Amino acid sequence: MVRFCPHDLFVNTRSDLGACPKVHDLKLKESFEKSPRHDSHVPKFEAELAHYCEKLVADLDRKVRRGRERLAQEVEIPSPPLISAEKSEQLSVLEDKIKNLLEQVESLGEAGKVDEAEALMRKVEMLNAEKTALTQQPQQDKVLMMAQEKKMALCEVCGSFLIENDAAERTQSHVTGKQHMGYGTIRDFLAEYKAAKEKAIEEERLAREREAEEQRKLREREYGNRRRSIESVDRDRYRDRDHDREREQYPERNRDRERSRDRSSRERLEDGRRSDWKCNSSRNRREGRRDRY
């Protein structure tokens with residue numbers, strides 16, 4: 001229903017998982033993708049796929065570790081001796097012949113038989129060439145063997161054994177093969193799924209921190225409001241108490257203050273009445289003039 005089916009990745013390979021136990025129906029998948037519940041079910045299906053893929057990768061990684069240990073324990077095969085016993089005997093015979101011929105050449109040279117000495121020297125040269133061929137052939141065989149011997153390597157993606165520094169065609173064939181590409185797809189999916197999960201966890205953590213910070217600020221505001229309210233009540237209480245105490249201590253001053261307030265109130269009231277009377281008189285005079293005209 002999401003991404004891919006692991007069983008489809010390794011058909012006809014050494015990692016073939018067999019037939020998938022789930023139903024593969026393209027029409028059903030298309031219907032699910034168009035469903036309004038698609039987004040709510042995708043995380044669950046992806047989690048199931050990731051769990052199954054993690055088991056596959058865990059088994060493969062154990063295989064890779066065993067393969068690395070096997071390669072590390074391989075002992076280098078000792079190189080064969082440079083010269084076999086048979087060739088050593090042949091060389092010994094040749095050396096004896098060369099030695100005898102050189103003695104004869106020296107004798108013939110002392111006797112003045114130059115032509116015969118030159119003929120023997122040609123035989124000596126032939127024997128030396130044969131000797132050189134015998135001594136160089138094992139070295140050539142060793143070089144050929146080393147050229148044919150190739151070191152094994154292990155693919156970290158799919159766990160397959162490869163030939164190190166193999167031909168580019170065979171390397172490309174392996175990289176584009178089903179097994180390598182299949183495990184590559186699984187590893188890429190797991191890396192992407194893990195990154196998305198870590199991102200979601202980080203976003204959730206940040207959201208919790210923001211919510212906690214907002215709650216803290218709200219509590220501080222509420223505490224500040226309550227404190228200001230309490231302080232205001234306390235100030236009113238203290239002011240009333242001071243006023244009562246002052247009234248008890250200085251009753252004459254309080255009576256004078258009250259009489260002064262009453263007097264001010266009466267004066268304001270009388271001023272208001274005189275102002276109203278003046279306004280009414282002025283209005284009446286204007287209306288009288290208007291009537292005469």
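Here is a short tour of charged pairs and one histidine, stop by stop.

Before you click, know that this is a predicted model, where local features need pLDDT of at least 70, side-chain atom pairs count only at pLDDT 80 or more, and totals for chains, interfaces and linings use all residues. Residues are numbered from 1 along each chain as its sequence is written, and side-chain values use heavy atoms, with hydrogens and water left out.

**Stop 1: helix H2**

Select residues 38-73, which make up helix H2. Helices here are DSSP runs (H or I, at least four residues), numbered from the N terminus. Now show the side chains of Asp-59 and Arg-62: they meet in a salt bridge, with N to O at 2.1 Å. The term salt bridge means a side-chain nitrogen of Lys or Arg within 4 Å of a carboxyl oxygen of Asp or Glu. By this rule, the count comes to ten salt bridges. Asp-59 and Arg-62 sit three residues apart in helix H2, about one turn of the helix.

How accessible are they? Arg-62 has 38% relative accessibility and counts as partly exposed; Asp-59, at 42%, is also partly exposed. For these labels, buried means under 20% relative accessible area, exposed over 50%, and partly exposed in between (1.4 Å probe, protein chains only).

**Stop 2: from H2 across to H6**

Next, pick Asp-61 and Arg-187. They form a salt bridge whose closest N and O atoms are 2.9 Å apart. Asp-61 belongs to helix H2 and Arg-187 to helix H6 (residues 178-249), so this pair ties together parts that are 126 residues apart in sequence. Arg-187 is partly exposed at 24% relative accessibility, and Asp-61 is partly exposed at 25%.

**Stop 3: along H6**

Stay on helix H6 and select Glu-213 and Arg-216, which lie three residues apart, about one turn of the helix. Their side chains meet in a salt bridge, 2.3 Å from N to O. Both count as partly exposed: Arg-216 at 33% relative accessibility, Glu-213 at 31%.

While you're looking at salt bridges, select Arg-3, Glu-46 and Glu-192 together. Salt bridges that share partners join these residues into one network.

**Stop 4: His-38**

Finally, go back to helix H2 and pick His-38. Is His-38 buried or exposed? With a relative accessible area of 18%, His-38 is buried. Which residues does His-38 touch, not counting those up to four places away in sequence? Show Phe-32 and Glu-33 to see them. Contact here means heavy atoms within 4.5 Å.

How values were computed: Helix = DSSP H or I, 4+ residues; strand = E, 2+ residues; numbered from the N terminus.
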